[in-house]
Amino acid sequence: MSGLTHVEKCQSFAQKASDGELLDQYCFFSTGMEPWALLLLREELGQRGLREDSFLEHRKNHGNRVTYASDGYPKLCKDCRRAATGHNTVWAKFFGLLPLYPRRVFTCDDHQG
Ligand SMILES: [Zn+2]
């Protein structure tokens with residue numbers, strides 16, 4: 001146990017996250033999120049000058065490209081905490097050497113290719 005509460009962890013995530021990560025969390029991962037966590041995200045976004053019109057625009061620009069899992073949550077990018085908007089096929093490798101089988105990995109706009 002680190003001794004940090006959920007609130008403190010969420011606060012430190014929000015402060016370190018990029019604008020894109022915060023917008024993704026707020027717009028696409030809000031289902032089932034605790035009300036205090038949503039408030040906290042909203043507060044951080046507000047401090048960065050991102051408000052309702054930014055949320056609407058983010059949903060419009062990203063919403064129909066986000067890949068959703070069967071449980072209704074967006075897939076996460078393999079390299080960060082953003083919602084995935086694309087995917088790549090990579091070969092899983094035995095001991096990092098011998099190709100075993102193709103594996104689908106999900107990527108965000110920042111980590112495509
Ligand atoms: Zn990413």
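# Cores and a helix pair

Biologist: Which residues make up the largest nonpolar core?
Modeller: The largest nonpolar core is made up of eight residues, A14, L22, L23, Y26, C27, A37, L41 and L45; such a core is a set of buried Ala, Val, Leu, Ile, Met, Phe, Trp, Tyr and Cys residues joined through C-beta atoms within 7 Å, where buried means that 20 or more other C-beta atoms lie within 10 Å of the residue's own, with C-beta atoms placed from the backbone. This is a predicted model, in which local features need pLDDT of at least 70 and side-chain atom pairs count only at pLDDT 80 or more, while totals for chains, interfaces and linings use all residues. Residues are numbered from 1 along each chain as its sequence is written.

Biologist: And which helix gives the largest share of this core?
Modeller: Helix 2 does, with four residues, although helix 2 (19-28) and helix 3 (35-47) each supply at least two; helices here are DSSP runs of H or I, at least four residues long, numbered from the N terminus.

Biologist: Switching to the packing, at what angle do helix 2 and helix 3 pack?
Modeller: The angle is about 140°, with the axes 10 Å apart, the axes being lines fitted to C-alpha atoms over the stretch in contact and angles running from 0 to 180 degrees between N-to-C directions.

Biologist: Which residues meet there?
Modeller: From helix 2, L22, Q25 and Y26 meet L41, R42, E44 and L45 of helix 3, contact requiring C-beta atoms, placed from the backbone, within 7 Å.

Biologist: What else does C27 touch, leaving aside neighbours within four places in sequence?
Modeller: C27 is in contact with F55, H58 and R59.

Note on methods:
Buried ≥ 20, exposed ≤ 12 C-beta atoms within 10 Å, placed from the backbone. Contact = placed C-beta atoms within 7 Å.
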